[in-house]
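Please consult the sequence and structure below.

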Amino acid sequence: MTIKTAILGYGRSGSTLHAGPLEKWSDDFTVTAVCDIDPEARKNAKSRFNCTVYDDYKEMLKQEELDLVVIVTRSEQHCKMTCDCLRGGVNVLVTKPWALNVAEAEQMIAAADERGKMLLPWLPARWGCDLVRLKELLGSGIIGKVFMIRRREFSSFGTRADWQIWKKHGGGYLLNWGPHIIYQAMQLAGEKVATAYGQLRQVINPGDVEDLFHAVLTTESGIILTCEFAVAINKLPNWVIQGDRGTIFVKDKSVEIHQVKFPDNINPAEYSNTPEITVTSEELPGGAATNSRYGDAFAIYPEIARAVRGEIAYPASTGSALELTRVIDAVRASSEKNQVISI
Ligand SMILES: NC(=O)c1ccc[n+]([C@@H]2O[C@H](COP(=O)([O-])OP(=O)(O)OC[C@H]3O[C@@H](n4cnc5c(N)ncnc54)[C@H](O)[C@@H]3O)[C@@H](O)[C@H]2O)c1
């Protein structure tokens, strides 16, 4: 039996990032309905999936017997739509940012618990090829004990003028990029974040929200995470990971590992002890078309199918998404108050 699926919001992301894998993995999913307020979107969805189309998701919930709704509407719409679908007895996959703040995230978790339905936050960066490889490398101890993780992305001065530039729609790059960048740094550290310091700025985009954020986080054991979305030319590394036995640099798909080895008999009385340094490099897998540094949607959807069938626990758990939202809230509060926030 395939998973009877509806797409709620057939816009830029719904009609591509989600519709593509749902169409490809037809042994797992059948797109039985699409809901969008835009008639053109409904027309396109109908001709692509030969499905029933709706302009009102509540009507869709009444008419259809669904196993899963994939919610890909504007960010400020996610919480209400998710709660309505869960309370209507349907599992939900909700795109990032799943919630605008912790209060919304908690409402959605409560709605899922109330009806015993699955709430799957779409956090594709969890599957990013860089994160997956870096976890392996750090797990092997190749650079020793990690004390600092820097994660950075750039706009290269590209601006946008859609709803993402307005606060009332849940715009701003902290909510838009935080679920990629901050989530990945947290996942790699593998520890809860204890404190957050953040600065948000609106540099070049029109609208009323930030197009830049810089966050300094510390984990429970004291690992420092710096996460930033920068208005700058895309030149600096996307990751720098510092351990007490080396440093890893990642730029796009290129990984450079610098390992240090101190001489066996260090004389503590000597002014300096110079380590031996070996450098190795490798390329991350996945072509540019799959954009797999942020997770390849075609590879993620089979896991969604298995999670909906109860065969595996969904890897991007609601617990991890809630932790992320707590951190994002703290970064925003820190910027507003100009002080470090304890989480
Ligand atoms: N890499 C990623 O995971 C990724 C990439 C892009 C966007 N997103 C997220 O996807 C969401 C949508 O972004 P987008 O760029 O596709 O936006 P969009 O504006 O292109 O699409 C939103 C769609 O929702 C429809 N819609 C609005 N109100 C509706 C309603 N009441 N009922 C039904 N449909 C309604 C709109 O007509 C539109 O087609 C955002 O939350 C964004 O952050 C995630």
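Helices (H or I, at least four residues) and strands (E, at least two) are DSSP runs, numbered from the N terminus. The model is predicted: local features need pLDDT of at least 70, side-chain atom pairs count only at pLDDT 80 or more, and totals for chains, interfaces and linings use all residues. Residues are numbered from 1 along each chain as its sequence is written, and side-chain values use heavy atoms, with hydrogens and water left out.

**Ligand shell**
- The ligand is surrounded by 26 residues (a heavy atom within 4 Å), and the closest are Arg 12, Ser 13, Asp 36, Gln 77 and Trp 122.
- By class, this shell holds 11 nonpolar residues (Ala, Val, Leu, Ile, Met, Phe, Trp, Tyr, Cys and Pro), four charged (Asp, Glu, Lys and Arg) and 11 polar (the others, Gly among them).
- Domain 1 (3–122) and domain 2 (126–292 + 324–342) each contribute at least three shell residues; the domain bounds come from an automatic or database domain assignment.
- Helix 4 (78–87) and helix 7 (173–189) each supply at least two shell residues.

**Polar contacts and cover**
- Polar contacts are pairs of N or O atoms within 3.5 Å.
- A polar side-chain atom of Asp 36 lies 2.6 Å from a ligand oxygen atom.
- For Trp 122, the corresponding distance from a polar side-chain atom to a ligand oxygen atom is 2.9 Å.
- The protein covers 84% of the 850 Å² of accessible area that the ligand has on its own (Shrake-Rupley method, 1.4 Å probe).

**Backbone geometry**
- Most residues other than glycine have a negative phi, and most peptide bonds are trans.
- Lys 96 and Pro 97 are joined by a cis peptide bond, with omega about -10°.
- Pro 97 is in the loop between strand 5 (91–94) and helix 5 (102–115).
- Asp 252, although not a glycine, has a positive phi of about 55°.
- Asp 252 is in the loop between strand 12 (246–251) and strand 13 (254–261).

Conventions
Polar contact = N/O pair within 3.5 Å; in protein donor to acceptor, adjacent residues only side chain to side chain.
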